[in-house]
Amino acid sequence: MCLRNLSARVGSDPLLVQASNGNTSIKLDGILWIKASGSWLAHARQEEIFVPLELAGLKESILDDSEIASHIAVNDELRPSIETPMHAVLRHRVVIHVHSINAIAWAIRLDGPDQLNERLAGLHWQWIPYAASGIPLAREIAKAVATRPETDVLMLGNHGLVVCGQDCHSAEKLLWEVERRLAITPRRFPKPDTTVLAMIARSSRLQFPDVNTLHALGTDSVSRKILKGGILYPCQAIFLGPTMPLLPPAVAVSKITERWNGKHRTPPFVAVERSGVMVNEKVTSAERATLMGLVHVTLRTEESARLRYLKESEVIGVLSQGAHGCQEVVVRERRLLR
Ligand SMILES: [Zn+2]
């Protein structure tokens with residue numbers, strides 16, 4: 001299946017996919033082959049990551065809002081991605097959905113649709129305002145493509161990118177073309193100041209990150225401003241928490257020692273203003289990949305850009321209802337850690 005090679009290539013690019021997010025599908029003889037929830041696209045060549053679902057039945061369950069049947073899954077361990085309905089309502093044979101860093105950097109901007117008019121000129125694209133993953137998002141997409149069925153590029157507000165094609169080759173070619181047009185050069189950022197960070201390392205479960213880029217969340221003033229504004233997309237809330245831990249250096253050491261060595265759970269990371277970032281020694285691969293993705297997004301977002309943050313109710317929805325593709329991953333990963 002050509003989708004395996006495509007998925008492995010796309011899934012291995014951290015600017016497109018972080019850990020197990022993103023999903024691909026192909027429609028063959030009335031069957032939708034969709035990436036399983038929690039599987040990594042990057043592993044598509046080595047392991048079974050696709051679940052077969054009968055397309056007609058799936059479309060019916062989207063219409064009547066019933067649970068998606070998974071009775072013909074080849075393996076009971078594999079459950080279809082929560083983003084399956086979106087793949088089902090698109091008429092193209094091949095659908096690629098990625099949490100592209102460059103796409104997200106546009107998808108969080110209030111002026112995103114205007115900015116993209118120029119960048120994506122000539123392509124059949126549409127902007128889909130934020131909707132929770134699953135049936136709500138699928139319905140918004142179905143509405144949008146009903147009037148313009150030629151649409152094969154969807155920018156998902158506060159979420160990511162979808163591209164479609166009649167075969168693997170055309171879908172992947174379109175993905176790289178869109179990526180080329182959306183590309184933003186990341187901003188350079190000041191080096192970390194390790195004085196305070198070293199004190200934190202001595203008195204907590206936080207350690208220096210293995211990648212220097214992560215420090216930008218503390219040392220880059222624009223990134224800090226963005227971080228203070230709130231949550232920009234669901235995976236950020238799911239993996240990194242509903243509020244971002246950003247502290248001034250004067251209180252960082254005492255607060256971290258008091259709070260996170262006590263009964264409170266140490267967060268995946270802590271950003272210290274002007275100093276840099278420290279990472280939880282037990283950070284999971286998904287948390288780390290999400291954190292890396294967040295840094296790449298903030299470094300591609302200019303200070304003057306007005307951003308659309310997720311509303312409180314949207315963040316609560318994401319965290320409480322498992323309303324996004326990445327939440328199942330957390331459950332799966334925690335289960336494995338036990
Ligand atoms: Zn997604």
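Good morning. Along the chain, the donors of the zinc ion follow the spacing E-x13-H-x1-H-x59-H; donors here are N, O and S atoms within 2.8 Å of the metal (3.2 Å for Na, K and Ca), and since water is not among the atoms, sites may look incomplete. The model is predicted, so local features need pLDDT of at least 70 and side-chain atom pairs count only at pLDDT 80 or more, while totals for chains, interfaces and linings use all residues. Residues are numbered from 1 along each chain as its sequence is written, and side-chain values use heavy atoms, with hydrogens and water left out.

The protein donors are Glu83 (OE), His97 (NE2), His99 (NE2) and His159 (NE2), at 2.1 to 2.3 Å from the zinc ion. Angles among the 4 donor atoms run from 88 to 149 degrees, and the site is irregular. Four donors count as tetrahedral if all angles lie between 85 and 135 degrees; four count as square planar and six as octahedral if opposite donors are over 155 degrees apart and all others between 65 and 115; anything else is irregular.

Are Glu83 and His97 buried or exposed? Both are buried, where buried means under 20% relative accessible area, exposed over 50%, and partly exposed in between (1.4 Å probe, protein chains only).

I turn to the disulfide, a pair of cysteine sulfur atoms within 2.5 Å. A search of the whole structure finds 1, and it joins Cys2 to Cys168 with an S to S distance of 2.0 Å. The link is right-handed, with 65 degrees about the S-S bond. Cys2 lies in helix H1 (residues 2–11) and Cys168 in helix H7 (residues 168–182), so the pair ties together parts 166 residues apart in sequence. Helices (H or I, at least four residues) and strands (E, at least two) are DSSP runs, numbered from the N terminus. Cys2 counts as partly exposed because its relative accessibility is 39%, whereas Cys168 is buried, with a relative accessible area of 7%.

Finally, the nonpolar cores: sets of buried Ala, Val, Leu, Ile, Met, Phe, Trp, Tyr and Cys residues joined through side-chain atoms within 4.5 Å. The largest has 38 residues, and Leu217, Tyr233 and Phe269 have the most contacts inside it. Helix H13 gives the largest share of this core, 7 residues. Apart from it lies another core, of 33 residues, including Ala8 and Val94. Beyond its neighbours within four places in sequence, Phe269 is in contact (heavy atoms within 4.5 Å) with residues including Leu217, Met244 and Leu291. Thank you.
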